[in-house]
Amino acid sequence: MLNRRFNRVAQILSDNVLAGISIGWWKWNHNAHHIVCNSLDFDPDLQHLPFFVVSSKFFNSLTSQFYDRKLNFDSLARFLVSYQHWTYYPVMCFARVNLFAQSFFLLLSNRKVESRGIELLGLLAFWVWYPLLVSFLPNWWDRVLFVVASFFVTGIQHVQFCLNHFSSKVYLGPPSGGDWFEKQTNGTLDVSCSAWMDWFHGGLQFQVEHHLFPQLPRCLLRKIAPLVKDLCKKHNLPYNCVPFWKANELTIQTLRNAALQARDGFGPAPKNLVWEAVNTHG
């Protein structure tokens, strides 16, 4: 009990207070992602309408089983998705805003949340110390640059999250009890790098290993990577691993393919005047 309480305090301090992100939201989201990795209608980490889609199946306005609502692929979504391979990196620079919003959406909802009051106090503490810190900068120009730079830095992590899954195999529905291992290896991508670059990726480069052994400390992921690779080879399962720049290329290609399909008019979304103006032919 002592360790559990210590862990809880450490989580709220490091996430709610220092990062402004609800640890309750993170655990709820991340646990679901691990259970249904790369399921289009169950995995929240693939549900980013109206900004991004990784599959044309989203054009049918899928129902999110995680958020319990319909993901409408309307005219606005079609327009944004059609250029998603160009907007991907700029949006990632400010993806932290979505985490801020999702944290409050959960904590202010009717869903049961452990230590809701303490978590809200933690978020309040963040929104006190962070603006206060920024206010000590000498002028508004420096303050804006500081905030933008802080968002850009965290954007690198958001890019890394997407690299691990956006270009991997996707499916509809929940996984069955007998194909969990296959779904994890099919839906994840490792990023190859030298050991001295582990600090940069923070363990996310061993995504296959992390998904198969989610409670394994990240300092051990490199050690078990050869064993996991041999295991996948033995059972004829994919072990996807590419360099960092190749992973970016695959992600952009996935987004581009879906964008071109959206432009071709797949799906029932109606076109509006803005759409017609931007995509005038002749």
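Trp 129 has a relative accessibility of 31% and therefore counts as partly exposed (buried means under 20% relative accessible area, exposed over 50%, partly exposed in between, with a 1.4 Å probe and protein chains only). The model is predicted: local features need pLDDT of at least 70, side-chain atom pairs count only at pLDDT 80 or more, and totals for chains, interfaces and linings use all residues. Residues are numbered from 1 along each chain as its sequence is written, and side-chain values use heavy atoms, with hydrogens and water left out.

A search of the whole structure finds 21 aromatic pairs. The rings of Phe 126 and Trp 127 are edge-to-face, because their centres are 5.0 Å apart and their planes stand at 85°. Rings of Phe, Tyr and Trp (its six-membered ring) pair if their centres lie within 6.5 Å; planes under 30 degrees apart count as stacked, over 60 as edge-to-face and the rest as tilted. Phe 126 also pairs edge-to-face with Trp 129, at 5.5 Å centre to centre and 90° between the planes. Phe 126 has 1% relative accessibility, so this residue counts as buried. Trp 127, at 36%, counts as partly exposed.

Phe 126 and Trp 129 both belong to helix α6 (residues 116-135). They are three residues apart there, about one turn of the helix. Helices (H or I, at least four residues) and strands (E, at least two) are DSSP runs, numbered from the N terminus. One aromatic cluster includes Phe 126, Trp 127, Trp 129 and Tyr 130. Among its other members are Phe 94, Phe 100 and Phe 146.

Two arginines sit over aromatic rings. The charged end of Arg 96 lies over the ring of Tyr 130, 5.8 Å from its centre. The charged end of Arg 143 lies over the ring of Trp 140, 4.9 Å from its centre. A charge sits over a ring if NZ of Lys or CZ of Arg is within 6 Å of the ring centre and within 35 degrees of the ring normal.

A separate polar site involves Ser 22. Ser 22 is found in the loop between α1 (2-19) and α2 (23-35). Its relative accessibility is 0%, so Ser 22 counts as buried. The side chain of Ser 22 makes a polar contact with the side chain of Glu 119, at 2.6 Å (a pair of N or O atoms within 3.5 Å; within protein, one must be able to donate a hydrogen and the other to accept it, and residues adjacent in sequence count only if both atoms are side-chain atoms).
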